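Try each task yourself before you read its solution.

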Amino acid sequence: MGGAASKKLVCPDDYDKNKFNMILKLYDQLDSNGDQVIETLELKDIANLHVKNKKTELSKLIENEQQDYNYLIQKAKLKYEKDKMNLQIGYEQNIENINNSHTRNNLSIRSKIEDLNKLEEKEKCEKFLKVVSDDGKHIEFWKFFEYMKDRTQDIKNIEFSNQ
């Protein structure tokens, strides 16, 4: 063993002296012929341990990767379920709002129809005059024209009375 050469080496100040001496002893043990060069044959035992440790380290990485994978999949599933539930709640609220709006609009329209059904002849005339007159008494041609221009197909439906 070439213990003399390794004895000249000094432990770094920031390293444990006992561990440094263990490394020196191992180096001397590997350098069996003392030439301060470790031959391939001299490395086989520590190389086997190195490969075994590397395989163990990689196996732990596989386990960690699998755990990370499982965690991320579970997290994605939980987010999906939460998002799905929020979408369902939003959908149901939207449908409820649409139904409420429809009901209000329907009631409002029906109420207006009821009010129109209750109008007397005089009230009907007043209502029409508001649309085609400025003074509420006389029909103005251009207002009348604006009112009728898209309703010409309805002219035939006017029931003229014998005043």
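**Exercise 1: the whole chain**

Among contacts in the chain between residues at least 6 apart in sequence, what percentage join residues at least 24 apart? Then describe the make-up of the chain.

Solution. Before counting, note that this is a predicted model, where local features need pLDDT of at least 70, side-chain atom pairs count only at pLDDT 80 or more, and totals for chains, interfaces and linings use all residues. Residues are numbered from 1 along each chain as its sequence is written, and side-chain values use heavy atoms, with hydrogens and water left out.

- Step 1. With contact meaning heavy atoms within 4.5 Å, the share is 20%.
- Step 2. Helices (H or I, at least four residues) and strands (E, at least two) are DSSP runs, numbered from the N terminus. The chain has five helices and zero strands.
- Step 3. Call a residue buried under 20% relative accessible area, exposed over 50%, and partly exposed in between (1.4 Å probe, protein chains only). Of the 163 residues in the chain, 9% are buried.

**Exercise 2: rings in pairs**

How many aromatic pairs does a search of the whole structure find? Look at two of them closely.

Solution. 

- Step 1. Rings of Phe, Tyr and Trp (its six-membered ring) pair if their centres lie within 6.5 Å; planes under 30 degrees apart are stacked, over 60 edge-to-face, and the rest tilted. The search turns up four pairs.
- Step 2. F128 and Y147 are edge-to-face, 5.3 Å centre to centre with 75 degrees between the planes. F128 belongs to helix α4 (residues 121-132) and Y147 to helix α5 (residues 141-148), so this pair ties together parts 19 residues apart in sequence.
- Step 3. F141 and F145 are stacked, at 6.3 Å centre to centre and 25 degrees between the planes. They both lie in α5, four residues apart, about one turn of the helix.
- Step 4. Here F141 is exposed at 51%, while F145 is partly exposed at 36%. Ring pairs also bring in W142, giving a cluster of F141, W142 and F145.

**Exercise 3: a loop residue**

Is S133 buried or exposed, and which residues does S133 touch beyond its neighbours within four places in sequence?

Solution. 

- Step 1. Locate S133 in the loop between α4 and α5.
- Step 2. Its relative accessible area is 5%, so S133 counts as buried.
- Step 3. Leaving those neighbours aside, S133 is in contact with H138, E140 and K143.
- Step 4. Zoom in on H138: its backbone oxygen lies 2.7 Å from a polar atom of the S133 side chain.

Technical notes. A polar contact is a pair of N or O atoms within 3.5 Å; within protein, one must be able to donate a hydrogen and the other to accept it, and residues adjacent in sequence count only if both atoms are side-chain atoms.
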